[in-house]
Amino acid sequence: MNVRAAAAKVVYQVVDQGQSLSNALPAAQQTIRDRDHALLQEICYGVLRWLPRLESITNQLMDKPLKGKQRVFHHLILVGLYQLGYMRIPAHAAVAETVNATKNLKKPQLRGLLNAVLRNYQRQQEALDAQAQSHDAGRYGHPGWLLKLLKESYPQQFEAIVDANNTKAPMWLRVNRRHHTRDEYRELLNQAGIETDIHPEAQDALRLLAPCDVSKLPGFADGWVSVQDAAAQLSVEYLAPQAGELILDCCAAPGGKTAHIMERQPDTQVVAIDCDEQRLARVHENLQRLNLKAQVLCADARYPQQWWQGEQFDRILLDAPCSATGVIRRHPDIKWLRRADDIDALALLQTEIVDAMWQQLKPGGTLVYATCSITPQENCNQVKAFLTRTADAELIGSDIEQPGRQILPGEHDMDGFYYAVIRKAQ
């Protein structure tokens, strides 16, 4: 399939049909040549990053919007505009390939329309771009409800957060210390011509200065290393697993944190649960590649009596279901799939889960509450409310007025993440 046609279909599936980019993009990659996978990803990510800006330009160039069965061609126009405005593809090639996509999409009669719109953009680009950035959604590339939330929660930092959300995410590695220390593996990468930086806190983390295919990483197939953002790797630093402990990784898929616990402390018994059977397949795949063994259960964390009759856990890592507003740079579709009222619904779900999990924690045990969100409702407010209603809960390492640690997107080049460490009284 023509790459631009595939991109238009992906954007249509995400924006109009509410599908996840994580599902739509891999399916589309199966329809094109392997060498075009990176190009397809770049176009899809870019269009979704700058969707309001591209929509605004399209509206200025079109007398009336394309609807119904022609809707995918609206998104094909966005694909063409993104190439012309943001990519280094020669303009004539971008226009020609985008116009040719009408044949793949079985409407060659729309070639003239596509060509006219893209040529008009080229002629008026400066003025059209300025107009598209004259309103907040176009300027920042975020929906209004999310901009409002960020401005209210982070009045000093919201522009930096938005900028971080609109940049390409770096590639972080987690070195498996069962095979090498971080410094040893870093030297192997140096020998392979792959340059890296270290992280000041995440002890197993290396950031690639230039992302590469995992097949080029020494020993990837043998489990020497995994891809995982440094912010997510901090979970094991806060959890601090000890030899001989029974540990629960709650909401564990795709299994990176489960594996990291056992890489850091092999002499532990780890139980990993998630309520999504399909996502649990990724946990099994990761554990198999890393040659690790955990007890993996498809289970709803709100109802532990249905899936756990064993003893209470020494430590629980609760990576709670959340809005994922901290990982927008990796998943730009989040901006268009989430709605303002999702936040309160997720906060209620988190409350149910943390209360249920607390009953499964031993006296003297540690619970690490984590999200990849940056909304106070899901993070510090959630923990404050839990501490208020839970007499035997003690906050560790942070202040009760501002409990936990909020990592904002871009801090030390990390994703946005939240952690709070809570100990159960003896």
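In strand β8, the residue that forms the bridge partner of Leu-248 is Ile-316. The model is a predicted one, in which local features require pLDDT of at least 70 and side-chain atom pairs count only at pLDDT 80 or more, whereas totals for chains, interfaces and linings use all residues. Residues are numbered from 1 along each chain as its sequence is written, and side-chain values rest on heavy atoms, with hydrogens and water left out.

Strand β5 (residues 246-250) pairs with β8 (residues 313-319) in the parallel sense over four bridges, pairing being assigned if DSSP finds at least two bridges between two strands; strands are DSSP runs of E with at least two residues, helices runs of H or I with at least four, numbered from the N terminus. Five bridges join β5 to the parallel strand β6 (residues 269-274), where Ala-272 stands opposite Asp-249. Five of the five residues of β5 are buried (under 20% relative accessible area, with exposed over 50% and partly exposed in between; 1.4 Å probe, protein chains only). Leu-246, Leu-248 and Cys-250 point one way from β5, while Ile-247 and Asp-249 point the other way. In a regular strand the side chains alternate between the two faces of the sheet.

UniProt, in an unreviewed entry, places the feature "active site" at Cys-372; such annotations may be inferred rather than shown by experiment, feature names are shortened, and positions are given in the numbering used here. Cys-372 lies in the loop between β9 (361-371) and α17 (380-389) and is buried, with a relative accessible area of 17%.
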